[in-house]
Structures are given as structure tokens and as C-alpha cells.
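Subject: Structure handover

Hello,

Please find the structure below. My notes on it follow, with the cut-offs given where each term comes up.

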Amino acid sequence: MKTKMKKYDNDIEVCNLTHSYNINGKLVEIFREINIGFKKDSITSIIGPNGVGKTTLLNIIAGFIVPDTGNVRIRGVSSKEACTQKKIGFVSHDHGLLPWMNVFDNVLLTLTLNRKSNYHNLDEDESKVLQILDQLGLVDWRYYFPYQLSKGICQRVSLARALVLDDVILILDEPMANLDELTREKLRYDLLKIFSLNPRTVILVTHNITESIQLSDFVIVLSNQPAEIVKSFEINFAGKNNLDKVIVPTSVEFNNINNNIRDLLHEKNS
Ligand SMILES: Nc1ncnc2c1ncn2[C@@H]1O[C@H](COP(=O)(O)OP(=O)(O)OP(=O)(O)O)[C@@H](O)[C@H]1O
Ligand SMILES: [Mg+2]
């Protein structure tokens, strides 16, 4: 008999999260009562000023930091369990590639480490790696070692390592921070193509308003410390569901939301 899996509207539920750090003997409240639901297969960007607590929030969601109060459920289990069950892919601006492995092997290693059963087919894994390297424009770099690559390329390899995994929640902390503007624009399009072929639930922290709008189904704006959610925007004219339309960052819809986010960031953080 088949076991019925429970379906969740939201892949990730963040409930009443509050967190403080002890900074030089003083308890500083980073955020207060944060509640967010991240819909299955949606891309949500989080945008807010430096030091507001975005990385801390991602670390709590990924189970690396235990919050003071509140909790996180990922597909119905705690972050810690989700980590153990290998349901989370995390990319930060620090690429974390293994220096003694070339690009291909760094990506392949992720598949090896995240294998959920004893069964594995090396040919299948290798062609999967080649496919993701191709989708991210990295095939020509596959035999290079991290020390031979620029920071931007390393960052793309780090993205490839997370994207090669199926059925994981992706938590991306400024994964394009080191890229030049044109590469960044191209990568946005590549990512949207990848997500339209293979939808995932993605949380993306970025400082780039254009990027947040172009990539996302939802954009969440955070205020200054203690951080609160100022506003959540639903974007229905860009993102992976509108690949057929050229995303024009000068459209009226784009400009309205862009100005709105900009004004909120100025207003709440000045
Ligand atoms: N381990 C820690 N111990 C004490 N304070 C910390 C620690 N980690 C972060 N902080 C402080 O918490 C605040 C939020 O840090 P965090 O890195 O989460 O912000 P952020 O929004 O990701 O910033 P940025 O946009 O610069 O990446 C900052 O003031 C930082 O100094
Ligand atoms: Mg950060």
C-alpha cells in the first residue's frame, strides 16, 4: 500500500522568530516576531540594509543557529531534521569550494554526499553535473581548480553545487555578490530557465532591487533593527513563469514596484 504524503501549501513556515546577539556585553535584538510562509516552488527575495539580520535569518531557517524564540518548519519537520534529511541547499557569498578538487569534482561531490540511498549510477551523476555546468556556462572551466578561478566563477560553481540537487530547498545568501553586472544579468536569466524546468522553493537574499524583482514571485522588505517585515510584494509579471516575455526593467509595473521598494528602504532605514 502506498503511504500518502501530506502536502504543504508552504514549504517553509517561519513562526514568531525572535533573536538577539550578545555584542560586547550588550544584548542586541536583531529581529522580533518574524512570521513568513514560503510557498512551494516559489522564489522569494529578502531585501534590507546591511546588518539588519538577513544572514542570521537564513542561518536560522537552515538550522545553523537556534533562535531565542519561535520555530521553523520545513516540509513539516524542524530545520535540524530537514538538514539531516538533506533537504536544504545553502549558497553564501563565501563559495566554500574544496581547493583540492576541480570544478567538475566539486559539483559531483555534492551528489555523492547527498545520496539518499545506496543506489547510484556514476554515469547518470556525471551527466547531471555536465548539464548543470552547461546551464550555468561553466563547462569550459570544469577542469580548473578553485585557485585558478576568479571569485565570480567560484560563486557560480557554488551555485551549481546547490542546483545539481533535486528536490531541495535552496537558501541563497547574496550568491551573485561578486559578479560583474553583465554576467549577473545573464545568470539571472539562466537561473530562471533552470527554475522553470525544475521548480524549487528558493529563498534569496540580495541587495539588488532589480534582481529581486526579476527573479522572484515574492519580495520581502525588511526594516532596520530590530528587523520587521515592512512589506511583502507579489510579483506576477516577471520571474520563471514569464520567461517568454522579455523582462524589461523599464516597464511601468517594474518601475512601480522598484520605486516602492526603494522608497520603503529609504523611509524605514534613514
Ligand atoms: N555571531 C554573531 N555574534 C554577534 N553578533 C552577530 C553575529 N552574527 C551577526 N551579528 C550581528 O548581527 C547583526 C546582523 O548580522 P547579519 O549578518 O545577519 O546581517 P545581514 O543583514 O546579513 O548583513 P549584510 O547585508 O551586511 O550581509 C549585525 O549587526 C552583526 O554584527
Ligand atoms: Mg548577510
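The buried residues of α1 include K54, L57 and L58, and also N59, I60 and I61. A residue counts as buried if 20 or more other C-beta atoms lie within 10 Å of its own, as exposed if 12 or fewer do, and as partly exposed in between, with C-beta atoms placed from the backbone. Helices (H or I, at least four residues) and strands (E, at least two) are DSSP runs, numbered from the N terminus. With 6 of its 8 residues buried, α1 is largely enclosed by the rest of the structure. Just after α1, G63 has a positive phi of about 85°.

The model is predicted: local features need pLDDT of at least 70, side-chain atom pairs count only at pLDDT 80 or more, and totals for chains, interfaces and linings use all residues. Residues are numbered from 1 along each chain as its sequence is written, while chains are lettered from A and ligands numbered from 1 in the order in which they are written.

Ligand site

The residues around the ligand are Y21, I23, I30, N50, G51, V52, G53, K54, T55 and T56, where a residue is near a molecule or strand if its C-beta atom, placed from the backbone, lies within 6 Å of it. By type, the shell divides into 4 nonpolar, 5 polar and 1 charged. Here Ala, Val, Leu, Ile, Met, Phe, Trp, Tyr, Cys and Pro count as nonpolar, Asp, Glu, Lys and Arg as charged, and the others, Gly among them, as polar.

The antiparallel sheet

An open sheet of 4 strands has the order β2-β1-β4-β5, with antiparallel pairing. Two strands pair if DSSP finds at least two bridges between them. At the edges are β2 (26–39) and β5 (77–78), each of which pairs on one side only. Strand β1 is joined to β4 (residues 69–74) by 5 antiparallel bridges, and C15 has N71 of β4 as its bridge partner. Helix α1 lies across β1, β2 and β4 and runs at about 125° to β1. Axes are lines fitted to C-alpha atoms, for helices over the stretch in contact, and angles run from 0 to 180 degrees between N-to-C directions. Two residues are in contact if their C-beta atoms, placed from the backbone, lie within 7 Å.

The mixed sheet

A further open sheet has 6 strands in the order β6-β7-β8-β3-β9-β10, and its pairing is mixed. Strands β6 (88–91) and β10 (229–234) are at the edges with a single partner strand each, so one side of each has no neighbour in the sheet. From one strand to the next, the twist averages 15°.

Strand β3 (residues 43–47) pairs in the parallel sense with β8 (residues 202–205) over 4 bridges. On the β8 side, I43 is partnered by V202 and S45 stands opposite L204. Strand β9 (residues 218–222) is likewise parallel to β3, with 4 bridges between them; there T44 has F218 as its bridge partner.

In a regular strand the side chains alternate between the two faces of the sheet. In β3 both faces are covered, with I43, S45 and I47 buried on one side and T44 and I46 buried on the other. As 5 of the 5 residues of β3 are buried, the strand is largely enclosed by the rest of the structure.

Domains

The protein chain is divided into domain 1 (10–87 + 168–269) and domain 2 (94–166), with bounds that come from an automatic or database domain assignment. Taken over C-alpha atoms, their centres are 24 Å apart. The contact takes 13 residues from domain 1 and 15 residues from domain 2. On the domain 1 side, helix α6 (residues 181–197) gives the largest share, 4 residues. That side divides into 7 nonpolar, 3 polar and 3 charged residues.

Two backbone points

R75, in the loop between β4 and β5, has a positive phi near 45° without being a glycine. R75 counts as buried because it has 20 C-beta neighbours inside 10 Å. E174, in the loop between β7 (169–173) and α6, also is not a glycine and has a positive phi of about 45°. E174 is buried, with 20 other C-beta atoms within 10 Å.

Regards
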